[in-house]
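Dear colleague,

My notes on it follow.

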Number of protein chains: 2
Amino acid sequence: MNDSPLDLEARAHSEHAQELRLWLRLLTCSQLIEKRVRAGLREQFDTTLPRFDLMAQLERHPEGLKMKDLSHRLMVTGGNVTGITDQLVNEGLVERLDVDGDRRAFRVALTDLGRTTFAEMARQHEAWIVDAFEGLSPRDLDSLHKLLGKVKAHQLDINQRIEE
Amino acid sequence: MNDSPLDLEARAHSEHAQELRLWLRLLTCSQLIEKRVRAGLREQFDTTLPRFDLMAQLERHPEGLKMKDLSHRLMVTGGNVTGITDQLVNEGLVERLDVDGDRRAFRVALTDLGRTTFAEMARQHEAWIVDAFEGLSPRDLDSLHKLLGKVKAHQLDINQRIEE
């Protein structure tokens, strides 16, 4: 695996700061787990991560979301929100609903079929993620959660300062 | 920041497995740090992460790389390798060199200008990464490195089993 583009740690020289090796390890972990999730979604559900993420957002908003709110919430995973929505509508997983008081706007929401389909994908997704961390004891899980909490809080501060 | 698409943890319901919350926290950390790196590369060097990654690969291979080896090594960050290489050649940061015994192939390598430019970017990149983890004590850094090492080894095993 040393030569794999997915093992980014191989890129760190020994003279590099410990933090750099830690960063490459963190990035490697997130890319390895994401790779497993993408493969599972493709093989078991013939779907993609952007489609899964879009349905996950709609599952959190049973009343539906306007397209611009949906796009905003999917900024990270990207993908063509309009194109994916069209696909999901064609497959009967998502429907377009009117917006009260705005005849030109519409909301999108999961259909009943979309809800049951997503529930099955989410159950499997959770199992993949549980697998990813099964090498850790309950105490390890807790430590990792706290340590990453410190990193997250600090980086949120930094990013906020930069944006000001 | 609760409503930000970058704080993925907000997506986890309380009934979800601890592992799922941990995964969203890990993903949030890596995306926040990557966002800071992208912003810094853009503002201080007018460049992008795929360009930086391509130059980082060439810095590790002073003898140059054939295009297919370069593409293989950049699979993760993606980007249009040929297009980026052309840009960097035009800017005098990268050059094309002949391959002995194969008149149709060529290698690409950093020029002297490319090497000094990359050294400055890499120094700054390392400083951003050191900043990202400055909320952690030396002991925390070590714990996080070990815990992520367990996650990485386990996920490499899983991915290998899946690919077989």
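**Where the two chains meet**

The contact draws on 55 residues from chain A and 55 residues from chain B. Please bear in mind throughout that this is a predicted model. On the side of chain A that touches chain B, the elements giving two or more residues are helix 1 (18–45), helix 2 (49–60), helix 3 (67–73), helix 5 (112–132) and helix 6 of chain A.

Helix 6 of chain A deserves a separate look. This helix, residues 138–163, has 26 residues and reaches 37 Å from its first C-alpha to its last, which is close to the 38 Å expected at 1.5 Å a residue. Its buried residues are Leu144(A), Leu147(A), Leu148(A), Val151(A), Lys152(A) and Gln155(A), and what they pack against belongs to the other chain, namely helix 1 (18–45), helix 5 (112–132) and helix 6 (138–163) of chain B.

**A helix pair within chain B**

In chain B, the axes of helix 2 (residues 49–60) and helix 5 come within 10 Å and cross at roughly 115°, and the crossing of these two helices of chain B is left-handed. Helix 2 of chain B contributes Phe52(B), Met55(B) and Glu59(B) to this contact, while helix 5 of chain B contributes Gly114(B), Arg115(B), Phe118(B) and Met121(B). The residues of this contact comprise 4 nonpolar, 1 polar and 2 charged.

**The strands**

In chain A, strand 2 (residues 94–99) and strand 3 (residues 102–110) pair in the antiparallel sense over 6 bridges, with Leu97(A) standing opposite Arg107(A) of strand 3. The hairpin that these two strands of chain A form has 2 residues between the strands, and Gly101(A) takes a positive phi near 80° there.

In chain B, strand 2 (residues 94–99) and strand 3 run antiparallel and are joined by 6 bridges, and Glu95(B) has Ala109(B) in strand 3 as its bridge partner. The hairpin of these strands of chain B has 2 residues between them, with Gly101(B) at a positive phi near 80°. Strand 3 (residues 102–110) of chain B also pairs with strand 1 (residues 65–66) of chain B, in the antiparallel sense and over 2 bridges, and here Lys66(B) stands opposite Arg107(B).

Note on methods:
Residues are numbered from 1 along each chain as its sequence is written. Chains are lettered from A and ligands numbered from 1 in the order in which they are written. This is a predicted model: local features need pLDDT of at least 70, side-chain atom pairs count only at pLDDT 80 or more; totals for chains, interfaces and linings use all residues. Two strands pair if DSSP finds at least two bridges between them. Helices (H or I, at least four residues) and strands (E, at least two) are DSSP runs, numbered from the N terminus. The expected span of a helix is 1.5 Å times one less than its number of residues. A residue is buried if 20 or more other C-beta atoms lie within 10 Å of its own, exposed if 12 or fewer, and partly exposed in between; C-beta atoms are placed from the backbone. Two residues are in contact if their C-beta atoms, placed from the backbone, lie within 7 Å. Axes are lines fitted to C-alpha atoms, for helices over the stretch in contact, and angles run from 0 to 180 degrees between N-to-C directions. A crossing is left-handed if the near helix is turned anticlockwise from the far one by less than a right angle, and right-handed if clockwise. Ala, Val, Leu, Ile, Met, Phe, Trp, Tyr, Cys and Pro count as nonpolar, Asp, Glu, Lys and Arg as charged, and the others, Gly among them, as polar.
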